[in-house]
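Open the model in your viewer and keep the selection panel at hand.

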Amino acid sequence: MGEHVVVIGAGIVGAATATLALRAGYRVTILEPATPGGEQAASYGNGCWLSPMSVIPPAGPGLWKKVPKFLADPLGPLAIRWSYLPRVLPWLARYLWAGWTEAKVEATARALRPLLIDAPSLHKALAEEAGVGHLIERRGLVYIYETREQFESEAMAWRIRRKVGIEWLELDADQMRQREPDLDRRYTFGALVEEGGHCRDPGAYVAALVGQAQAEGAELRAARATGFRIESGRLKAVLTDQGEVTADRAVISAGAYSKALAAAAGSTVPLETERGYHAMVAEAEAGPRTPMMPYDGKMSITWTDRGLRCAGQVEIAGLEAAPNWKRAEILRDHLLRSFPCLPRTLPAERVKFWMGHRPSMPDGLPCLGPAAASPDILLAFGHGHVGLVAAPRTARVMVAMLDGRRPEIDVAPFNPSRFVK
Ligand SMILES: Cc1cc2nc3c(=O)[nH]c(=O)nc-3n(C[C@H](O)[C@H](O)[C@H](O)COP(=O)(O)OP(=O)(O)OC[C@H]3O[C@@H](n4cnc5c(N)ncnc54)[C@H](O)[C@@H]3O)c2cc1C
């Protein structure tokens, strides 16, 4: 048995990392205070998109002009709570700066593309090995618009996508109608990215990966990591609310909750949460054949095994504030407007709302690399909007780092110390 690796957090990043570390010969313990793949994790309720084209960071040139609107409209697709503004200002400044120019956005896209490329195939292989191959589907992802002009208003994003090797098919009104007979006729243009895929149930997928890792010898401990015992720069143990767990190596993959753990390992990182919501309709009468993202709703609509899921919204309000369920109602209402065959009013028992925490770095890039206080502790969090799609490649990078090998992609842009001046 190889060195003992303690993986902290069993969202999709921790589950994939634990799986691959185990297969690379490490002894693996997973620390997770809740149910792996449970509702507490962003990995449970996301939009299910395995989107190798999601390389454009949330902030783009000129976004700063909209900040007053983000503060004034608590229900807009991006909102910042006034009470949270003082705390989030430094993060917000970096967030806006990261998208200040087209060149900056392109640099982010170039860094992200290798982390996301081939994600549907990598997920398919992981899922098949865990006996849940059917949860990963590869039938493309489509962005839909009311008019071609709306698509052209996003010219910068598509130009950059093209530069980093992403291709798409443009669909006119007739093609849209043929492909998506249930969709409201106001959508007359689509951009179909055929390399995209989706997961039919991310929560069940994470649970299956962890179950498979346990079957292959990993230990799952219901404990919350609180810190580390480090002696002369070497990790001796992970501290938890259930006592110490001796460890040779550790991977911090606790999603939006990783900041304090990173600090305990000597790394100060500007991790925030961009809160998001979903509304899910059980036994929906209509829906998309291909998962889609309407331009006017800025959300994803995807069939899942649990219902028709509509996910999106960005709310900057921290980890503690109560959910604002009006935001999930907005998603539900947009879903109903997009598919006229859905009943105009849905009984409450058919609609489920969820809120979760994207773990977001201001520059739209995760932190992947060693902690400042010990090379034995690796950081693997901060994937923001792309944690599901990025997880398998992240796990491969983590195992290469554990092995002391050069990772298969350039990890310099993900260096956790990039914010240290
Ligand atoms: C509305 C919404 C839509 C999204 N859509 C997509 C999408 O379509 N595609 C995509 O790629 N991404 C999407 N994302 C982003 C994606 O869901 C996240 O980036 C990803 O799930 C993060 O995974 P993670 O494993 O880092 O964190 P999480 O899934 O949050 O898991 C972290 C785990 O760590 C555990 N934990 C916390 N603290 C501790 C501790 N101290 N000790 C031990 N364990 C701890 C938690 O209980 C949790 O289980 C979306 C997110 C949201 C909110």
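This is a predicted model: local features need pLDDT of at least 70, side-chain atom pairs count only at pLDDT 80 or more; totals for chains, interfaces and linings use all residues.

**Stop 1: the ligand**

Residues are numbered from 1 along each chain as its sequence is written, and side-chain values use heavy atoms, with hydrogens and water left out.

Next, pick the oxygen atoms of the ligand. A polar side-chain atom of Ser-43 is 2.4 Å from one oxygen atom. From the backbone, a polar atom of Val-389 lies 2.8 Å from a ligand oxygen, and an N or O atom of Gly-387 lies 3.0 Å from a ligand oxygen. The protein buries 96% of the 1,000 Å² that the ligand exposes when taken alone (Shrake-Rupley method, 1.4 Å probe).

Now colour by secondary structure (DSSP runs: helices are H or I, at least four residues; strands are E, at least two; numbered from the N terminus).

**Stop 2: the cysteines**

Select the cysteine sulfurs. How many disulfides does a search of the whole structure find? The count is zero (a disulfide is a pair of cysteine sulfur atoms within 2.5 Å). For Cys-199, the nearest cysteine sulfur is that of Cys-48, 6.2 Å away. Cys-199 is buried at 0% relative accessibility, and Cys-367 is also buried at 0% (buried means under 20% relative accessible area, exposed over 50%, partly exposed in between; 1.4 Å probe, protein chains only).

**Stop 3: salt bridges**

The structure holds 32 salt bridges (a side-chain nitrogen of Lys or Arg within 4 Å of a carboxyl oxygen of Asp or Glu). Select Glu-129 and Arg-23, whose side chains meet at 2.5 Å, N to O. Glu-129 is in helix α6 (residues 119-129) and Arg-23 in helix α1, 106 residues apart.

Go on to Arg-234 and Asp-376, a salt bridge of 2.7 Å, N to O. Arg-234 lies in strand β12 (residues 234-240) and Asp-376 in the loop between β20 (367-370) and β21 (377-381), so the pair ties together parts 142 residues apart in sequence. Asp-376 is buried at 3%, whereas Arg-234 is partly exposed at 46%.

Technical notes. A polar contact is a pair of N or O atoms within 3.5 Å; within protein, one must be able to donate a hydrogen and the other to accept it, and residues adjacent in sequence count only if both atoms are side-chain atoms.
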